[in-house]
Amino acid sequence: MKKLFFAFTLCISSLGFSQQEIKLDVADALIIRSLEFSYEKYLSEESSIGVSALFNLAKQDIGFRYNENSMITPYYRHYFTTNAEWNFFGEGFVGINSGKRESDVNPGVYDISYTDGALGVAVGMKYIAKGGLVIDVYGGLGRNLFGSDSPVIVPRLGLNIGWRF
């Protein structure tokens with residue numbers, strides 16, 4: 001009975017501090033022609049969990065683009081400051097990514113598909129306005145772990161604008 005009461009109390013206390021954010025990565029949309037949406041849920045003032053979904057809209061043969069055609073990235077963030085407006089954070093993430101790479105036999109032909117999982121870290125800053133506007137900037141790197149056809153390095157860069165509710 002004590003364990004059940006403890007689990008119930010923990011669940012209610014986590015719902016009491018349920019700040020959430022939805023965000024769009026405007027830098028990816030404007031510069032690289034990809035869409036990245038994020039959802040973040042705060043566990044406390046100092047930590048949060050979230051997930052990002054990236055969809056690359058640029059053609060495969062363009063020189064300046066992400067290698068990944070799509071990527072789902074669950075992440076955990078720890079905030080080192082608890083300032084009401086500006087916060088510095090560190091992030092650990094796992095990125096499940098897929099795409100196509102250039103053929104070794106036919107240069108310019110992207111016919112080798114891959115799906116891989118990356119593990120990485122990032123750092124960033126977040127601005128939180130009193131009205132709910134959120135702007136965060138972050139950068140980091142991950143490494144693909146499983147496939148031989150996938151790129152070794154997975155970038156995690158962003159300039160997100162969103163809303164806290």
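# Reading rings, strands and confidence

User: The charged end of Arg77 sits over the ring of Tyr138. Which criteria define a charge over a ring?

Analyst: NZ of Lys or CZ of Arg must be within 6 Å of the ring centre and within 35 degrees of the ring normal. For Arg77 and Tyr138, the distance to the ring centre is 5.3 Å. Arg156 likewise lies over the face of Phe93, at 5.6 Å from the ring centre. The model is predicted: local features need pLDDT of at least 70, side-chain atom pairs count only at pLDDT 80 or more, and totals for chains, interfaces and linings use all residues. Residues are numbered from 1 along each chain as its sequence is written, and side-chain values use heavy atoms, without hydrogens and water.

User: Where is confidence lowest, and where is it highest?

Analyst: The pLDDT is the predictor's confidence in each residue, from 0 to 100. Where it is low, the predicted coordinates should not be read in detail. The chain has a mean of 87, with 88% of its residues at 70 or more. Helix 1 (residues 2-16) has the lowest mean, 51, whereas strand 1 (residues 20-25) has the highest, 98. Helices (H or I, at least four residues) and strands (E, at least two) are DSSP runs numbered from the N terminus.

User: How many strands form the barrel, and in what order?

Analyst: Strands of a sheet pair through backbone hydrogen bonds, either parallel or antiparallel. Pairing requires that DSSP find at least two bridges between two strands. Here eight strands make a closed barrel in the order 1-2-3-4-5-6-7-8, with antiparallel pairing. Nine bridges connect strand 3 (residues 47-56) with strand 4 (residues 68-79). Ser48 is opposite Arg77 of strand 4.

User: How many aromatic pairs does the structure contain?

Analyst: Rings of Phe, Tyr and Trp (its six-membered ring) pair if their centres lie within 6.5 Å; planes under 30 degrees apart are stacked, over 60 edge-to-face, and the rest tilted. The whole structure has four such pairs. Tyr42 and Tyr79 are stacked, at 5.6 Å centre to centre and 20° between the planes. Tyr42 belongs to strand 2 (residues 34-42) and Tyr79 to strand 4, so this pair ties together parts 37 residues apart in sequence. Trp86 and Tyr127 are tilted, at 5.0 Å and 50°. Tyr42, Tyr79 and Phe89 form one aromatic cluster.

User: Are Tyr42 and Tyr79 buried or exposed?

Analyst: Buried means under 20% relative accessible area, exposed over 50%, and partly exposed in between (1.4 Å probe, protein chains only). Tyr42 and Tyr79 are both buried. Trp86, at 45%, is partly exposed, as is Tyr127, at 24%.
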